[in-house]
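Subject: Handing over a structure

Hi there,

Here is the structure I promised to pass on to you. Have a look at it first, and then read on for my notes.

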Amino acid sequence: MIRIDNITRTYGSGDIEVNALANVSLEIQENEFVAVMGTSGSGKSTLMNILGCLDTPTSGEYLLSGQSIKEIDDENLSKIRNEKIGFIFQTFHLLPRLTALQNVTLPLRYSEIEAHEAELRGKELLDKVGLSDRAHHKPFEMSGGQRQRVAIARALVNKPKVIFADEPTGNLDSKTSYEIMDLLCQLHKQGQTIVMVTHEEDIAAYADRTIRMKDGKVLEEKLCLSA
Ligand SMILES: Nc1ncnc2c1ncn2[C@@H]1O[C@H](COP(=O)(O)OP(=O)(O)O)[C@@H](O)[C@H]1O
Ligand SMILES: [Mg+2]
């Protein structure tokens with residue numbers, strides 16, 4: 001479903017040039033749950049931003065569902081982002097003035113789905129992440145784990161082909177982290193493709209496969225036997 005060939009992403013120029021990614025190639029199949037690991041500065045977020053069409057590579061090829069990203073203009077790229085990709089971030093990225101339900105249905109505002117149907121789908125998803133009783137609460141009235149559940153429901157609202165999660169448990173305590181990972185595993189078992197960045201071994205162990213990065217390169221890829 002995802003294939004990148006020889007992707008390089010360079011920041012800055014001249015003396016301060018940094019290759020955040022250097023000739024990275026990899027494939028991600030449909031229904032896979034992949035963990036991207038590596039120390040801080042190894043290029044994990046840069047990779048996720050490129051895979052998630054939030055950033056474009058300096059050079060190299062990216063095929064998403066067989067379609068080359070190079071040939072797509074900005075408008076269509078944001079369309080792909082909205083329709084095919086769900087994002088989960090370490091700091092949740094919820095809008096503080098909106099309720100849980102409004103946060104979840106926000107991406108549907110740019111689609112043709114009617115408000116009533118959007119609300120139904122939002123409620124269904126809040127139910128799925130175990131928050132049916134929090135639909136009208138605002139983020140500040142919820143715990144970190146609950147906020148991340150709202151963010152997961154929002155990521156699912158457009159039925160994305162793939163979910164990209166950048167350190168989804170990075171701001172959560174261990175117990176809450178495991179609860180969030182159990183939820184992501186459940187989604188994976190239902191067929192959701194997930195690519196997750198983490199620097200924690202016990203979190204990466206939930207995935208089928210680990211891609212380990214160092215200095216902008218893929219150091220090794222390993223199947224997880226425990227998954
Ligand atoms: N916007 C940017 N401008 C300049 N350098 C950047 C930028 N984003 C990332 N980098 C550099 O690229 C490298 C990889 O960063 P990043 O992908 O954020 O790593 P990670 O997520 O693994 O911590 C680092 O050396 C970082 O300093
Ligand atoms: Mg990062």
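Which strand and which helix each supply at least two residues of the shell around ligand 1? They are strand S2 (18-28) and helix H1 (44-51). (Helices, H or I of at least four residues, and strands, E of at least two, are DSSP runs numbered from the N terminus.)

Before going further, a word on conventions. This is a predicted model, in which local features need pLDDT of at least 70 and side-chain atom pairs count only at pLDDT 80 or more, while totals for chains, interfaces and linings use all residues. Residues are numbered from 1 along each chain as its sequence is written, and chains are lettered from A and ligands numbered from 1 in the order in which they are written.

**Around the ligand**

The shell around ligand 1 includes Tyr11, Val18, Gly41, Lys44, Ser45 and Thr46; a residue belongs here if its C-beta atom, placed from the backbone, lies within 6 Å of the molecule. H1 gives the largest share of that shell, three residues. By class there are three nonpolar, eight polar and one charged residues. (Ala, Val, Leu, Ile, Met, Phe, Trp, Tyr, Cys and Pro count as nonpolar, Asp, Glu, Lys and Arg as charged, and the others, Gly among them, as polar.)

H1 is largely enclosed by the rest of the structure, because six of its eight residues are buried. Buried means that 20 or more other C-beta atoms, placed from the backbone, lie within 10 Å of the residue's own; with 12 or fewer it is exposed, and in between partly exposed. Among the buried residues of H1 are Lys44, Thr46 and Leu47. Just after H1, Cys53 takes a positive phi of about 60°.

**The strands**

Four strands form an open antiparallel sheet in the order S2-S1-S4-S5. Its edge strands, S2 and S5 (67-68), each pair on one side only. Pairing here requires at least two bridges found by DSSP between two strands. Strands S1 (residues 2-11) and S4 (residues 59-64) are joined by five bridges, and Asp5 has Glu61 in S4 as its bridge partner.

Elsewhere, strand S6 (residues 85-89) runs parallel to strand S7 (residues 162-166), with five bridges between them. Phe87 is bridged to Phe164 in S7. Gly86 and Ile88 make up the covered face of S6, whereas Ile85, Phe87 and Phe89 make up the uncovered one.

Gly52, in the loop between H1 and S4, touches Arg81, Ile85, Phe87 and Phe164, not counting residues up to four places away in sequence. Such a contact has C-beta atoms, placed from the backbone, within 7 Å. Gly52 counts as buried because it has 20 C-beta neighbours inside 10 Å.

Val36 touches Lys44 and Leu47, among others, not counting residues up to four places away in sequence.

Enjoy exploring!

Best wishes

Definitions and conventions
Two residues are in contact if their C-beta atoms, placed from the backbone, lie within 7 Å.
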